[in-house]
Amino acid sequence: MRIHDPELLARGERVLGPEFTAMSERVLRVTELTSRLNVLPFDDEAGRAALFEQILGRPLPARVTIYPPFYTDHGLRLDLAEGVFVNQGCTFLDYAGIRLGRGVMVAPKATFVTVGHPVDPGERRRFLSGAPIDVAENVWIGAGATILPGVTIGRDAVVAAGTVVADDVPPASLVAGPKGTVRRRW
C-alpha cells in the first residue's frame, strides 16, 4: 500500500493517500476503544462485550476469552473462532488479516504482526507491505512469541515462548528458538 498519494508525491508534496488515510483513521479509533477497554473493571463483562463489538465490528464468538490488556490496530480483520483464549498483554496488528482457528490458546504478551515496511531505505517511508496470518485449530502460542506477516501455523502445533515465527509451521509440531525451528513432530 502506498502511504502517500503518488501524483502529489511526484510534485514534491507529501500528502497521504486515501487508503492509508482510512487505515490511519481506523487505527486512531481502535486505539481509543482499546484504551477504554483496558481500564474497565475486570468484572464489567457487559462493558467489555460492547467495546469488543465496536473493535471487531461484530460480537465476540461463543466461548472466546480475552483477558485485558488487549491491543489491536484495526480490529475489523481479526477473525476469532469459537473457543479461542487470549491471555493478558497480547497485540494483534491485523490490517492484513489474522485468523485464529477453533480452540487456539495464546499466552501472555504474544504479538501478531501482519504489516511492515520494505527494507529498502528509499521505499521504507513510502509503502506498507504485509500478508495475513492464519493459525489453524488447537494451536498453542507461547508467552512472548512473535508471529510475522504471511505465516501459516498448522493444526495442533505449539510455538514455544519467545519464538519469532517468520516461516510456516507444520501441523503437529513444536517450533522454538529465535527463528522458530521445528524441534519435534508428533
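Student: What should I know before I start?

Tutor: Residues are numbered from 1 along each chain as its sequence is written, and side-chain values use heavy atoms, with hydrogens and water left out. Because the model is predicted, local features need pLDDT of at least 70 and side-chain atom pairs count only at pLDDT 80 or more, while totals for chains, interfaces and linings use all residues.

Student: How many salt bridges are there by this rule?

Tutor: Side chains of opposite charge can pair when their charged atoms come close. The rule asks for a side-chain nitrogen of Lys or Arg within 4 Å of a carboxyl oxygen of Asp or Glu. By this rule the count comes to eight. One of them joins E82 and R63, with the closest N and O atoms 3.1 Å apart. That pair links distant parts of the chain, 19 residues apart: E82 sits in the loop between strand 3 and strand 4 (85-86), and R63 in the loop between helix 3 and strand 1. Helices (H or I, at least four residues) and strands (E, at least two) are DSSP runs, numbered from the N terminus.

Student: Is R63 buried or exposed?

Tutor: Buried means under 20% relative accessible area, exposed over 50%, and partly exposed in between (1.4 Å probe, protein chains only). R63 is exposed because its relative accessible area is 60%. E82, at 29%, is partly exposed.

Student: What is the phi of R63?

Tutor: Phi of R63 is near 60 degrees, a positive value in a residue other than glycine. D156 also has a positive phi, of about 70 degrees, although it is not a glycine.

Student: Which side chain of opposite charge is nearest to D73?

Tutor: Lys and Arg count as positive and Asp and Glu as negative; His and the chain ends are not counted. For D73, which is buried yet has no salt bridge, the nearest such side chain is R26, 8.4 Å away. A polar atom of the D73 side chain does lie 2.9 Å from the backbone nitrogen of D94.

Student: Which residues does a cis peptide bond join?

Tutor: P68 and P69, with omega about 5 degrees. P69 lies in the loop between strand 1 (65-66) and strand 2 (70-72).

How values were computed. A polar contact is a pair of N or O atoms within 3.5 Å; within protein, one must be able to donate a hydrogen and the other to accept it, and residues adjacent in sequence count only if both atoms are side-chain atoms.
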